[in-house]
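Open the model in your viewer and keep the selection panel to hand.

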Amino acid sequence: MMNPDGLDCDLFITHAWQEDVFEFTEKVLTSWPWRANHAWCCMLANPQNLDIGALLQSPSSSPFALALQSSKYMLVVPNRHKSVYTRLWCGYEAYLAFQSNKIIRTATPPIGRQVLLAWLRMLPALLIGATVGLIFRLRHFEAAQRLILILRMLALFASLVSQNCGQMRLCLIANHVGLASGAAAIIGGLLVLSGFRFLPLLGKKGLLAVTQLSNRVGIIIYFLLAEVDRVNCQTERQEAEALQNQYQGSIRHASCSEVQDELNIRNEIGDQVHEVDKVIQVLMKAGLTSNALRDAHLHGVELRHAGFVQLAIPVLALGPLFLLGWWHLGRYIFLFYEKYHSIAGVYTFMACMEATSIVARLAFLCLFFSRSIDERCFMLNVMAKIVTVFYFCLVELGPLGNEAMFSSLLTFYNLSFLLVLFFAALGIRGTLKLPCGRFLAQFFLSRLVGPACGPSPSESDASDSESSSS
């Protein structure tokens with residue numbers, strides 16, 4: 001009544017009528033695409049109490065097809081009872097999305113409560129780590145330096161496991177170990193605490209102390225965010241398993257409540273069943289499907305969790321560490337002009353490296369907001385995979401050497417954002433065209449260790465069913 005001429009359709013929602021209404025609402029609102037304003041869903045748009053058979057006689061001119069063709073996004077809402085792709089109408093919508101080159105995304109429920117509980121469970125690890133660090137700091141055990149070294153190596157190893165492991169229990173252990181070792185290293189780290197006395201001077205030692213302390217706090221933030229990533233990944237796995245529940249690997253086994261609807265849909269899909277099966281297969285593996293991801297799939301890239309974004313490092317690098325970079329740049333300029341003219345060249349070089357890092361991150365953000373959702377996921381995962389190694393080497397290994405070693409690691413860390421920007425500008429398809437592009441795309445798009453999100457149907461299953469049906 002408020003919009004007699006209707007509104008533009010931004011979001012097409014497909015579901016199987018098996019979910020509860022609160023479950024449906026939570027998943028849709030949580031997964032609502034950025035920049036989408038209006039949604040179309042059959043249960044709200046079609047007059048369900050009337051005889052709508054006339055509207056469905058030709059699937060290509062049905063309300064489903066017209067809404068999907070005009071929409072920008074497609075959202076698949078799984079349920080815990082049966083895969084939406086056991087319904088042929090949902091398979092037909094996947095076919096239309098494939099024909100129109102739409103990006104399809106799996107809806108997921110909110111995770112706020114699970115994250116809060118996960119953080120509460122991490123408190124003992126935080127307290128244990130802080131206690132261990134305090135004991136060694138107060139008693140000045142001779143083994144304190146060795147302990148701090150071991151803790152740093154544990155945090156470095158835990159970060160790599162957390163970023164790349166597909167085993168949720170192992171990720172959970174890694175996050176707790178990393179948080180505990182980070183807390184112990186903060187409290188017991190002699191270099192960080194001794195740096196406080198230089199802070200009023202705001203000289204180069206004060207700069208080093210602030211950097212080390214900020215990085216130590218960054219480690220705590222990182223493992224808290226990594227736990228958010230773990231909970232999010234676990235939730236997406238559950239939705240992937242729901243998409244696979246009772247699905248037999250091909251829409252040839254899907255059905256309609258009306259026999260005539262089934263005949264009409266199969267006539268329209270024709271011999272493209274296998275292509276539609278590939279679209280659904282990529283969606284089940286990655287949680288997201290697009291032309292670029294399907295190209296990667298055709299190149300042999302295993303798309304486990306490709307639609308899952310690891311936010312720990314991107315949030316840290318584009319948030320607190322970004323602000324710290326601006327502070328570093330200002331301090332380098334101050335030291336250059338005010339005090340240390342004898343080593344002005346060094347500070348000029350460090351200022352240039354810091355400025356390069358800042359510009360690269362700003363360019364990354366500009367690219368990020370102009371790309372589609374599949375490319376944004378790729379960009380964030382590129383940053384997570386590349387920056388993690390350089391950042392943890394800077395934080396954990398930098399204080400073990402002299403100032404020159406720390407400056408070198410800081411330089412490599414800053415330059416890593418140029419590498420991130422390079423791959424972000426190339427995108428998925430550009431990366432595939434590089435020498436060894438398939439392996440690079442594999443590295444960026446999936447986790448390296450652990451099983452996929454449930455027993456995904458293989459292409460051979462789909463092809464076998466196709467041949468058997470024929």
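Axes here are lines fitted to C-alpha atoms, for helices over the stretch in contact, and angles run from 0 to 180 degrees between N-to-C directions. Helices (H or I, at least four residues) and strands (E, at least two) are DSSP runs, numbered from the N terminus. This is a predicted model, in which local features need pLDDT of at least 70 and side-chain atom pairs count only at pLDDT 80 or more, while totals for chains, interfaces and linings use all residues. Residues are numbered from 1 along each chain as its sequence is written, and side-chain values use heavy atoms, with hydrogens and water left out.

**Stop 1: H3 and H4**

Select helix H3 (residues 63-70) and helix H4 (residues 88-99). The axes of H3 and H4 are 10 Å apart, and the two helices pack at an angle of about 35 degrees. Show side chains for Phe64, Ala65 and Leu68 of H3, which meet Trp89, Glu93, Leu96 and Ala97 of H4; contact means heavy atoms within 4.5 Å. This contact has six nonpolar, no polar and one charged residues. For these classes, Ala, Val, Leu, Ile, Met, Phe, Trp, Tyr, Cys and Pro count as nonpolar, Asp, Glu, Lys and Arg as charged, and the others, Gly among them, as polar.

**Stop 2: H4 and H10**

The crossing of H4 past H10 is left-handed. From H4, Leu88, Trp89, Tyr92 and Tyr95 meet Asp261, Glu262, Ile265, Arg266, Glu268 and Ile269 of H10. Six residues of this contact are nonpolar, none polar and four charged.

**Stop 3: H11 and H12**

Next select H11 (273-286) and helix H12 (residues 291-298). Their axes come within 10 Å and cross at roughly 95 degrees, so H11 is roughly perpendicular to H12. Lys278, Val279, Gln281, Val282 and Lys285 of H11 meet Leu293, Arg294, His297 and Leu298 of H12. Here the classes are four nonpolar, two polar and three charged.

**Stop 4: the largest pocket**

On a 1 Å grid over the protein atoms alone, a cavity is a set of points where a 1.4 Å probe fits but cannot get out, and a pocket is an open set with protein on both sides within 12 Å along at least five of seven lines; lining residues have an atom within 4 Å of a point. Centre the view on Arg105, Asn232, Glu236, Gly307 and Val309, which lie nearest the centre of the largest pocket among its 34 lining residues. Its volume is about 700 Å³ (the space filled by probe spheres set on the points, with grid points joined across faces, edges and corners). H9 supplies the largest share of the lining, five residues.

**Stop 5: the largest cavity**

Of five cavities of 30 Å³ or more, the largest holds about 80 Å³ of space. Select Leu321, Leu324, His328, Leu410 and Tyr413, the closest to its centre of 12 lining residues. H14 gives the most to this lining, with four residues.

Conventions: A crossing is left-handed if the near helix is turned anticlockwise from the far one by less than a right angle, and right-handed if clockwise. Angles under 35 degrees count as roughly parallel, over 145 as roughly antiparallel, 65 to 115 as roughly perpendicular and the rest as oblique.
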